[in-house]
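Please consider the following chain with its sequence and its coordinates side by side. The explanation moves from the overall fold to individual residues.

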Amino acid sequence: MIFKQLKEVLTKAGLEEIGALGEDFDPNVHHAVMTVCSDAVESGKVAEVFQKGYMLNKKVIRPSMVKVAQ
């Protein structure tokens, strides 16, 4: 219950999670730490998320740490 209330307060303050899985790699909001050759995921798309990223009022405060398909 407390977590839900905290999440609501942060959302109202302008905090939002950066979507990453399956999206095109964007170096402005994603930090690529690995690459992988994959037939299941298109080249240049995010294959796996290691750490969620967040934006506060449309400014990146922590980029998503991701694995990118080649």
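The structure is a predicted model, in which local features need pLDDT of at least 70 and side-chain atom pairs count only at pLDDT 80 or more, whereas totals for chains, interfaces and linings use all residues. Residues are numbered from 1 along each chain as its sequence is written, and side-chain values rest on heavy atoms, with hydrogens and water left out.

The chain contains one helix and six strands; these are DSSP runs numbered from the N terminus, with helices being H or I of at least four residues and strands being E of at least two. Their order along the sequence is α-β-β-β-β-β-β. The radius of gyration of the chain is 14 Å, whereas a compact globule of 70 residues would have one near 11 Å. That quantity is taken over C-alpha atoms, and the globule rule is 2.2 Å times the number of residues to the power 0.38. Along the principal axes, the C-alpha atoms fill a box of roughly 40 × 25 × 15 Å.

Of the 70 residues, 20% count as buried, where buried means under 20% relative accessible area, exposed means over 50%, and partly exposed lies in between (1.4 Å probe, protein chains only). The chain exposes about 5200 Å², of which carbon and sulfur atoms supply 57%; accessible areas come from the Shrake-Rupley method with a 1.4 Å probe. Among contacts (heavy atoms within 4.5 Å) between residues at least 6 apart in sequence, 58% join residues at least 24 apart.

The loop between strand S4 (53-56) and strand S5 (59-62) holds Asn57, and Lys58 is found in the loop between S4 and S5 as well. Most residues other than glycine have a negative phi. Asn57, however, has a positive phi of about 55°, and the phi of Lys58 is near 70°, also a positive value in a residue other than glycine. Asn57 counts as exposed because its relative accessibility is 53%; Lys58, with a relative accessible area of 63%, is likewise exposed.

Leaving aside residues up to four places away in sequence, Lys67 touches Met34, Thr35, Val36, Lys45, Val46, Ala47, Glu48 and Phe50.
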